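Grab your viewer and try each one before reading its solution.

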Amino acid sequence: MEARAAAPASPPLTERQEARRRRILHASAQLASRGGFDAVQMREVAESSQVALGTLYRYFPSKIHLLVATMQDQLEHMHGTLRKKPPQGDSAAERVAETLMRAFRALQREPHLADAMVRALTFADRSVSPEVDQVSRQTTAIILDAMGLDDPTPEQLSAVRVIEHTWHSALITWLSGRASIAQVRIDIETVCRLIALTAPDTRN
């Protein structure tokens, strides 16, 4: 696997640097959509995004860093779409289940891209922790938005983490052909029942 030593923390990106980063992420997603994990090669990404290979490595030290960042970018885009058209369920559990299934169906439409991103998350080691944490924070934000929570309790955050783990596991089992969409839905709806169990007791 192509990799370079991770760069130290850097100041916020300028507008030009952010535009370059977005081109890189777009190229990564396009290559992954066409050919999956193996199709994302750093040299091809550099060529497609019109940046020097050395510049690409300064942004993303390895293919794993790049694909995990691509997943965070995809989730951020999904979050924006979900905010424009929020889930309609009566309960928090129904809204979260609907939200996660909508996100799942979006990934289902791009199976090669989904497989590449999930494989990168699976392969990620400690050096990729900041990028993995960003994916987790984005997923948490999506779930909390669906729940309608701004200030969750520790118990609710614990439930959210279990829901995240189940959603991730469901992606893996579906991508490997070991679960149907119907089974994924059952698993997601089942784990979302934790939301009601961890809701604060408002009785006196």
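**Exercise 1: helix 4 against helix 7**

In this predicted model, His65, Val68, Met71, Gln72, Leu75, Glu76, His79, Leu82 and Arg83 of helix 4 touch Glu131, Val132, Gln134, Val135, Gln138, Thr139, Ala141, Ile142 and Asp145 of helix 7. Sorted by class, the residues of this contact come out as eight nonpolar, six polar and four charged.

Task: work out how the axes of helix 4 and helix 7 are arranged, and which hand their crossing has.

Solution, step by step:

1. Start with what you need: two packed helices are described by the angle between their axes and the distance between the axes.
2. Get both values: the axes of helix 4 (residues 63–84) and helix 7 (residues 129–147) come within 9 Å and cross at roughly 15°.
3. Angles under 35 degrees count as roughly parallel, so helix 4 is roughly parallel to helix 7.
4. Now the hand: helix 4 and helix 7 make a left-handed crossing.

**Exercise 2: helix 1 against helix 4**

Task: find how helix 1 is oriented relative to helix 4, and which residues meet.

Solution, step by step:

1. Helix 1 (residues 15–35) packs on helix 4 at an angle of about 95°, and the axes are 10 Å apart.
2. On the helix 1 side, look for Arg21, Arg22, Ile24, Leu25, Ser28, Ala29 and Ala32; they meet Leu66, Leu67, Ala69, Thr70, Asp73 and Gln74 in helix 4.
3. Tally that contact by class and you get seven nonpolar, three polar and three charged residues.

**Exercise 3: a pocket**

Task: describe the second largest pocket and its lining.

Solution, step by step:

1. The second largest pocket holds about 320 Å³ of space.
2. It has 14 lining residues, with His77, Met78, Ala106, Leu107 and Arg109 closest to its centre.
3. Helix 4 and helix 5 (92–108) are the elements that give two or more residues to this lining.
4. By class, the lining splits into six nonpolar, four polar and four charged residues.

Methods
Residues are numbered from 1 along each chain as its sequence is written. This is a predicted model: local features need pLDDT of at least 70, side-chain atom pairs count only at pLDDT 80 or more; totals for chains, interfaces and linings use all residues. Side-chain values use heavy atoms; hydrogens and water are left out. Axes are lines fitted to C-alpha atoms, for helices over the stretch in contact, and angles run from 0 to 180 degrees between N-to-C directions. Helices (H or I, at least four residues) and strands (E, at least two) are DSSP runs, numbered from the N terminus. Angles under 35 degrees count as roughly parallel, over 145 as roughly antiparallel, 65 to 115 as roughly perpendicular and the rest as oblique. A crossing is left-handed if the near helix is turned anticlockwise from the far one by less than a right angle, and right-handed if clockwise. Contact means heavy atoms within 4.5 Å. Ala, Val, Leu, Ile, Met, Phe, Trp, Tyr, Cys and Pro count as nonpolar, Asp, Glu, Lys and Arg as charged, and the others, Gly among them, as polar. On a 1 Å grid over the protein atoms alone, a cavity is a set of points where a 1.4 Å probe fits but cannot get out, and a pocket is an open set with protein on both sides within 12 Å along at least five of seven lines; lining residues have an atom within 4 Å of a point. Grid points are joined across faces, edges and corners, and a volume is the space filled by probe spheres set on the points.
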